[in-house]
Amino acid sequence: MTLSRLVRGVGMVVVLTTAALAQLKVGELVPDKTFAQMLNSDGRKSMAELKGSPVLIDWWGNH
Amino acid sequence: MPHAIKMQDKYGKDGFVALLLESQGLDASDIPGFMWKRFPTNKTWLSTSGDAPFQMTGGGLPHAALVGVDGTLLWEGNPNGAPKKIEEMVEAELKKSKSGWGKGAIAKKARGLLYGKNAFVDAAKVVADALANAKDDEKEDLEAVAREIELRREAFKKAPKVLSEDARYLEGVKAAENYAKWVKGNPEWENEANAIVLDFQRPEIVKELDLEKGLKKILASAGDKAPTADLAKSLRTFAKKNDGSRMAARATLLAAAAEFDPNKK
């Protein structure tokens, strides 16, 4: 692998990581995300599969 | 979080989903126990893998975001400051799900059939009939609906398998039967659905289904209360007695959750 390819590859990872963690504005489309482990679901495990349902995402912690 | 739990109880049967994302580093294996001890009646969907579709805006918890039926962000902020506003938006979205939406009357009708009734065959027919004569601006949206029909159908087609992988066979059977009902009228889809329903009649699955009924009775004995040491003991006994089964493995996980100490550091 050449250095330029490696740099492009790393750049792509950085861009993808940044995109995955981007903040959103009201009215923007929520990116798809598949959840590796999900308790209590009806068998659907991704945001795309939940289209048609209003979804309240609640970030929580125990501290 | 308590508000999300209440909303799941209130609107879950209508299609609303409260999706909880742990964001302070609690171990994934501790999440089921923590929730069971603190919120024994919780029915919200819980991601235990720390995933999020986007980064929350603002500085800290509590924090929530409402995603509309069309997949766009409708609201984001502190849920404690706007419970009534959130509920009003959810109610409006549930209405929108039933009536459908889109660039034209046909796309709206198809989405209403799809999301409001899970009428996959009727929705697909409405789209197919309209696509032949659609103008460009309508055609794009109708093609989007066609993709949405396939995506939703695939999601519900694989749901029984996903539930079975979690040893939730009773729910898997129900999901399979629902899917079979929803695709009635399309011979190819019906055949696939019937095969999924039949899969639950394999002897090894029937055995697991019987065991799951027994496990459910043990869990029902706890009622709506937080799990006790006695319940954990019953689950351990069940797991030992049925060693080697999927349900024994599930009972072992549940016993560990029942034994979790929510005050541990």
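The model is predicted. Strand β1 (residues 17-22) of chain B pairs in the parallel sense with strand β2 (residues 55-60) of chain A, and the second largest pocket has residues of chains A and B among those closest to its centre.

**The second largest pocket**
- The volume of the second largest pocket is about 310 Å³.
- This pocket is lined by 19 residues, and M47(A), A48(A), K51(A), D70(B) and G71(B) are the closest to its centre.
- Helix α6 (residues 136-165) of chain B supplies the largest share of the lining, four residues.
- Domain 1 (2-96) and domain 2 (100-201) of chain B each contribute at least three residues to the lining.

**Strand β1 of chain B**
- Six of the six residues in β1(B) are buried.
- V17(B), L19(B) and L21(B) point one way from the strand, while A18(B), L20(B) and E22(B) point the other way.
- In a regular strand, side chains alternate between the two faces of the sheet.
- The pairing with β2 of chain A runs over six bridges, and A18(B) is the bridge partner of L56(A).
- β1(B) also pairs in the parallel sense with strand β2 (residues 45-47) of chain B, over three bridges; there, L21(B) stands opposite S47(B).

**F260 of chain B**
- F260(B) is located in the segment after α11 (246-258) of chain B.
- Because its relative accessible area is 8%, F260(B) counts as buried.
- Beyond its neighbours within four places in sequence, F260(B) is in contact with D30(B), G33(B), F34(B) and K37(B).
- F260(B) and W36(B) are separated by 224 residues in sequence and by 9.0 Å in space, C-alpha to C-alpha.

Key. Residues are numbered from 1 along each chain as its sequence is written. Chains are lettered from A and ligands numbered from 1 in the order in which they are written. This is a predicted model: local features need pLDDT of at least 70, side-chain atom pairs count only at pLDDT 80 or more; totals for chains, interfaces and linings use all residues. Side-chain values use heavy atoms; hydrogens and water are left out. On a 1 Å grid over the protein atoms alone, a cavity is a set of points where a 1.4 Å probe fits but cannot get out, and a pocket is an open set with protein on both sides within 12 Å along at least five of seven lines; lining residues have an atom within 4 Å of a point. Grid points are joined across faces, edges and corners, and a volume is the space filled by probe spheres set on the points. Helices (H or I, at least four residues) and strands (E, at least two) are DSSP runs, numbered from the N terminus. Domain bounds come from an automatic or database domain assignment. Buried means under 20% relative accessible area, exposed over 50%, partly exposed in between (1.4 Å probe, protein chains only). Contact means heavy atoms within 4.5 Å. Two strands pair if DSSP finds at least two bridges between them.
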